[in-house]
Amino acid sequence: MRWIEAHEEKAPIVKNVIYAAKTIWSADIMYFLSSVIVMTIDMVFSYFIQNILFLKTLLSIIEGERDFRVYVRYLLLFTATAVIAKGASWFFDYINAVGSKKFLKNLNAKIFEKAAELDVSCYENPDFYDIYQRATNIITRSYYHLFNESVSLIIGNLISFAFVAGTVATIDPAYLLFLAPIIFVFAVQVVKSRYVYKRDLEMTKNNRIKAYIQRTMFLRDYSKDMRTSNIFLVLMERFKGAIDSNLLILKKYGFGLFVYSFLGSLFSEFIPIIGTYAYAGYQFVNTDTMTVSGFSVVLSSITSVRGAVDDIANAFSSISELALYFDNLHKYFDYEPKITDGKLEAGSFETLEFKNVTFKYPSAERAAINNLSFTVNKGESIAVVGVNGAGKSTLVKLLLRFYDPDEGEILYNGINIKEYALSSLRGVFATVFQDYKNFAVSVYENVMCKECDTDEKLFAREALVKSGVWDKIEKLKSSGDTVLTKEFDKEGVGLSGGENQKVSTARLFARDFEIAVLDEPSSALDPIAEYNMYENLISATKGKTVMYISHRLASAVLSDRIIVLNRGALEETGTHAELMKNGGEYAKMFTLQASSYNGGEVSRDEE
């Protein structure tokens, strides 16, 4: 399998840190503030009050007054301080937990709203999916929490570091010189974070492959094919290939990460610790300026400083890396749809015209629609037919403005459809797609596409009757209130492919519309069910305009006019009788399909 390498992205860390902070603060400011308060309390108490201040105070008492009652008073004061600090920490932890939920709710809502605005072409672009996955990692992998925690760690540790450094400076300012190399730690961590991000970027494609296979293995839709073919072995090879590729990437970056880790340890641990210990030992042995309490405080201080610096360095590295993931979120939110909204409202339908329309998918070699022209008038039933790949489904995507033509124009009532508001334009169409989807909600909600009251349930029932599936739904335990799939409800039900398609088609019967567009609406039905569905559709859409998109020709016989596509171009058009008389492409297709239904015998009339 060919592995596609991701390209390194140059993203300004400071800019992305600011963006990440704004994202969190705008979603819930208390989530950030509570984290900072909790971390500051914990760090100041742990690194300064407990390890430095209390130790210095008690050793001074022992060296000086040697008064046990004073010692006990300070011990009680320290205990009270610890209780207050812990109580405050618990309180703000609760505030933080609530804030986290609010943040998730708000950010998820923004991500979902943006997803609804994206062009359909985004979902057919692997590069977009890589950006989307890295952006959603902020939520799915709790990167938002790690970022918030890291910022809080830096602030809390800087405050405690300032207290500790100030205490050490009162003993001897020279000790601050041994802390100077710590500055270089942050520079090392910035470079390291970019290195780690670059590694993760290269692993994105492989991780997406792994996630796809892991998900597919547990989906019912794929279970039969898994057990009756060799596809399982094929997928396992892809899975192993993704893991092996990731291992090669890890090896590629392993030595570099070791070097950065070594340099970080050198500047944050070896130089400060060895220098401080050596100088403190020299002062204690050879001078009278260093007392036992001072010596103990210095050694304890360097331990606290080491812990604070490690926390800051790691948090700084984490922030630098996570900020790059927020850069993907930024790109996701900044994406401007190419399909722009118009201002006009689409009125009652009169005519629809494709005028010299040409369209090619971005990654395709040839045009899917090629200089196509035809007109549909009010009240007509039109069948658009052709073999697979003829451009039928692309025609629907252009009509609904999932894509815009490269050349030519599509006119609704004589006006280019680009001039209409998208919601208004799409609202005039009732559409049943070839790759129909039902959702894990009740049957009624699947039909009405909203929560249903009693009247709406009756309306949904009528639609289910017209689509030919009510007999099945009526027999379910909860009838139309039954949830489709058992994913979230053990009382749910899984319907057959044909039954699911009928439920999906019922949406058409349940709404008012100007034009019905049915893209392969009977692909999962047998010939009899297909014919019955089309008769119901014709009855339900009487006086309406209907476009049937299909490579099966049951709809064509019942239509007013037939449009035959071949490689995206208009091959021929006319009524069923006219096209059969012409003996062209349509006649060949119809004769071939008819022969498959009567055992291979073709009647003379059909010939």
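Colleague: What makes the reach of helix 15 close to the expected one?

Modeller: Helix 15 has 13 residues and runs 19 Å from first C-alpha to last, close to the 18 Å expected at 1.5 Å a residue. The expected span is 1.5 Å times one less than the number of residues. Helices here are DSSP runs of H or I with at least four residues, strands are E runs of at least two, and both are numbered from the N terminus. Mind that this is a predicted model: local features need pLDDT of at least 70, side-chain atom pairs count only at pLDDT 80 or more, and totals for chains, interfaces and linings use all residues. Residues are numbered from 1 along each chain as its sequence is written, and side-chain values use heavy atoms, leaving out hydrogens and water.

Colleague: Why is helix 15 called largely enclosed?

Modeller: Because eleven of its 13 residues are buried, among them Gly-498, Val-503 and Phe-509. Buried means under 20% relative accessible area, exposed over 50%, partly exposed in between (1.4 Å probe, protein chains only).

Colleague: And why does Ser-478 count as partly exposed?

Modeller: Ser-478 has 38% relative accessibility, so it counts as partly exposed. Ser-478 sits in the loop between helix 14 (470–474) and helix 15 (497–509).
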